[in-house]
Amino acid sequence: MATASAKGEGAQLTVLYITGWCRSGSTILGNVLNEVPGFFHVGELSFLWKNAYGNGSNTLCGCGQQLLECGIWDTVLTSDVPAGLTPRAHAEEVVRRQQAAVRTRHTLRVLDEAGDSQALHAHADFLARTYRTIARATGSTVLVDSGKFPSEAALLPRVEGIRPLYLHLVRDPRAVTHSWTKTKQYVVPMSAARSTAYWLGFNAASEEVTRRFPAQSLFLRYEDFIAAPDRAVDTVLDLVGVPRAQNPVKGRTVVLGKNHTVTGNPDRFRSGPTLLRGEDDAWKGELASGAKALTVALAWPLMAKYGYFSGARRAPSGGSGPDAAGVETRP
């Protein structure tokens, strides 16, 4: 985590929420942003209450400690427990509310009815307290939440005391399908059909959110991030309103410190000088032709919209979606 100039008190708290589907590079991008002064990458915060007590895919913080033993997450898990409940029982209650109110299928309802739902109102208040607790514990003024749940992103305008911003991060679904064929530590494989169905659903729902809040949103393809990582991070910093001079990427290299991410790609445990590779095409030679064809057959409308048939590199774009993309760029 980069050293913050503020202590999470008195300054406006910004939450940059990364939305989209898994295996799209949110962990590495979040950890790069974690090195910007005042930024703190929480990882996939929505899984904290499930994972901390052994009911999720991983119980480790990015620092290598158990979530319950990490000072930051122990503080978060114990600071807002209602009277009469244990921290474990409270966590179970949070998970039940998440399942009932902020699943991806609820995105439109959250956008349109958040003010009328007691469960959503309660969850928005809970997130407000949680984000403030994290800010105080870490001395941060910008929290990067790579949760990727469009429904939770949709709730953020109802969360008091924060400035919500959105980064819609997309990766070629063929590369995503290929990534899901690999077993990686605690991450289990997924079929091409299931991966692509989720890719479609999460990205379509993410578009609904960013369409409502175009001035607060940025669309970024993972391929464009790795083609020119320093330029992509500059664009994210522009969205947040942070000087580009604070960009930690030098060319293709960034020095990653210790992080405190909740779940995410297992690569989150790596630190030190890190080379951001400029190519992501292993899927072209390794993904089975049948899986490739199925992925394209299911995903082609959004693939075309996002420019995955043109072969062109595009600059990150602000606004409500990829149609607002800037000039084409090359690696």
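In this predicted model, ring pairs join Trp21, Phe47, Phe149, Trp180, Tyr198 and Phe202 into a cluster. The protein has a count of 12 aromatic pairs. A pair of aromatic rings is described by two quantities, the distance of the centres and the angle of the planes. For tryptophan 21 and phenylalanine 202, the rings lie 4.8 Å centre to centre with 50 degrees between the planes, and the pair is tilted. This pair links distant parts of the chain, for its two members are 181 residues apart. Tryptophan 21 belongs to the loop between strand S1 (13-20) and helix H1 (26-33), whereas phenylalanine 202 belongs to helix H9. Are these two residues buried or exposed? Tryptophan 21 has a relative accessible area of 6%, and it therefore counts as buried, the limit for this class being under 20%. Phenylalanine 202, with a relative accessible area of 9%, is likewise buried.

A second pair may be set beside this one. The ring centres of tyrosine 222 and phenylalanine 225 are 6.3 Å apart and their planes stand at 55 degrees, so this pair is tilted.

The charged end of arginine 97 sits over the ring of phenylalanine 126, at 5.1 Å from the ring centre.

Histidine 90 is placed in helix H4 (residues 87-101). Its relative accessible area is 6%, so histidine 90 is buried. When residues up to four places away in sequence are not counted, histidine 90 touches Asp80, Val81, Pro82, Leu85 and Phe126.

How are helix H9 and helix H13 oriented to one another? Helix H9 (residues 192-212) and helix H13 (residues 289-305) pack at an angle of about 10 degrees, and their axes are 9 Å apart. Because angles under 35 degrees count as roughly parallel, H9 is roughly parallel to H13. On the side of H9, the contact is made by Ala192, Ala193, Thr196, Trp199, Leu200, Asn203, Ala204, Glu207 and Arg211. On the side of H13, the residues are Ala291, Leu294, Thr295, Leu298, Ala299, Leu302, Met303 and Lys305. Sorted by class, the contact of H9 with H13 has 11 nonpolar, 3 polar and 3 charged residues.

Aspartate 230 has a relative accessibility of 29% and so counts as partly exposed. Apart from its neighbours within four places in sequence, aspartate 230 is in contact with Asn247, Val249 and Gly251. The C-alpha atoms of aspartate 230 and leucine 276 are separated by 9.8 Å, while the two residues are 46 residues apart along the chain.

The protein as a whole may now be considered. It contains 13 helices and 10 strands, and 56% of its 331 residues count as buried. Among contacts with a separation of 6 or more, 76% are between residues 24 or more positions apart.

Terms used: Residues are numbered from 1 along each chain as its sequence is written. This is a predicted model: local features need pLDDT of at least 70, side-chain atom pairs count only at pLDDT 80 or more; totals for chains, interfaces and linings use all residues. Side-chain values use heavy atoms; hydrogens and water are left out. Helices (H or I, at least four residues) and strands (E, at least two) are DSSP runs, numbered from the N terminus. Buried means under 20% relative accessible area, exposed over 50%, partly exposed in between (1.4 Å probe, protein chains only). Contact means heavy atoms within 4.5 Å. Axes are lines fitted to C-alpha atoms, for helices over the stretch in contact, and angles run from 0 to 180 degrees between N-to-C directions. Angles under 35 degrees count as roughly parallel, over 145 as roughly antiparallel, 65 to 115 as roughly perpendicular and the rest as oblique. Ala, Val, Leu, Ile, Met, Phe, Trp, Tyr, Cys and Pro count as nonpolar, Asp, Glu, Lys and Arg as charged, and the others, Gly among them, as polar. Rings of Phe, Tyr and Trp (its six-membered ring) pair if their centres lie within 6.5 Å; planes under 30 degrees apart count as stacked, over 60 as edge-to-face and the rest as tilted. A charge sits over a ring if NZ of Lys or CZ of Arg is within 6 Å of the ring centre and within 35 degrees of the ring normal.
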